[in-house]
Amino acid sequence: MMTIQLKSKFFIAGLILVFATLSLVSCGKKWKKTTQVTFNFLMTKDSIHLDDDDVLYFYEGSMIIGEMDFFGSREQGVPVNFSNQLKTVPTANLADGTTTSSIRYDIPQGIYENINLSIKAVNKDTVSSIILNGVFYDRGDDNKNTHVIFELDAEQIFNTKAIDKSGKNKIVLTEGTPAKCNITLNVNYWFATLTEKMFEKSDTYFVNGEETIIVSKEKNQDIYNLISQRIMQSTTKAVFQ
């Protein structure tokens, strides 16, 4: 009788171990299932107020994206980290968020406690990594509007910690539910310390017959250097939706 009871106990213990193992395997597979996440790139487009009533406004821009890095820690499952050097080197339209080729990844589902992103902007051939087009509205005696072009002729890395649309760090990715992340460059911050006099004294050039203030490594270098420093100090917002 004792022998039967012992065998029964061992049998039950064996079943528990089997079910526990199957449960762990099933749970592990669950957190490997993915959802598709699309990354869009935008810029702030609010008017930048300089001295008095003068305004600087950028209405369009582009960024060439050479690399995208993702670092995520989840409540369940192992961390998700990857680095992707983009072979197609897509260009993002910062006015509407579209890219010449989609930046989209299949990312394991889960409740992410933290997602950190790193985006590298790069030059391509003779094209600068970031180009902005805007207007300088001089409300002084001349009441003059001048086209402005800014060209960042350098590699630039933007690091950011992602949030959800309510502003929380926790981000939920669910299998079968596509998500998108809007990454917005803080262009207003880049130009916020510039003054009216800097633009009034700047050199102008004719582009397609239009008088234009070009800010680049070679043209209006004093303004370019100030903006370059601000870009390195700026914060970039990434919002999952």
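Analyst: Begin with residue classes: Ala, Val, Leu, Ile, Met, Phe, Trp, Tyr, Cys and Pro count as nonpolar, Asp, Glu, Lys and Arg as charged, and the others, Gly among them, as polar. The model is predicted, so local features need pLDDT of at least 70 and side-chain atom pairs count only at pLDDT 80 or more, while totals for chains, interfaces and linings use all residues. Residues are numbered from 1 along each chain as its sequence is written, and side-chain values use heavy atoms, with hydrogens and water left out.

User: By class, which residues make up the lining of the second largest pocket?

Analyst: Rolling a probe the size of a water molecule over the atoms shows where empty space is left. A pocket is an open set of points on a 1 Å grid over the protein atoms alone, where a 1.4 Å probe fits, with protein on both sides within 12 Å along at least five of seven lines; lining residues have an atom within 4 Å of a point. Here the lining has three nonpolar, three polar and five charged residues. The charged ones include D138, D142 and K144. The volume, the space filled by probe spheres set on points joined across faces, edges and corners, is about 150 Å³.

User: What lines the largest pocket?

Analyst: The lining includes D164, K165, F240 and Q241. By class there are six nonpolar, three polar and three charged residues, and the volume is about 200 Å³. Strand β12 (residues 171-173) gives the largest share, three residues. Strands (E, at least two residues) and helices (H or I, at least four) are DSSP runs, numbered from the N terminus.

User: In which sense does β16 pair with β11, and with β13?

Analyst: Two strands pair if DSSP finds at least two bridges between them. Strand β16 (residues 237-240) pairs with β11 (residues 163-164) in the parallel sense over two bridges, and I163 has V239 as its bridge partner. With β13 (residues 179-185), β16 pairs in the antiparallel sense over four bridges; T184 stands opposite K237.

User: Which residues of α4 are buried?

Analyst: Buried means under 20% relative accessible area and exposed over 50%, with partly exposed in between (1.4 Å probe, protein chains only). In α4, the buried residues are I223, Y224, I227, S228, R230 and I231. They fall within an arc of 165° seen down the axis, so they line one face of the helix; the arc is that of the directions from the axis to the C-beta atoms. Exposed D222 and M232 sit on the face turned away from the buried side.
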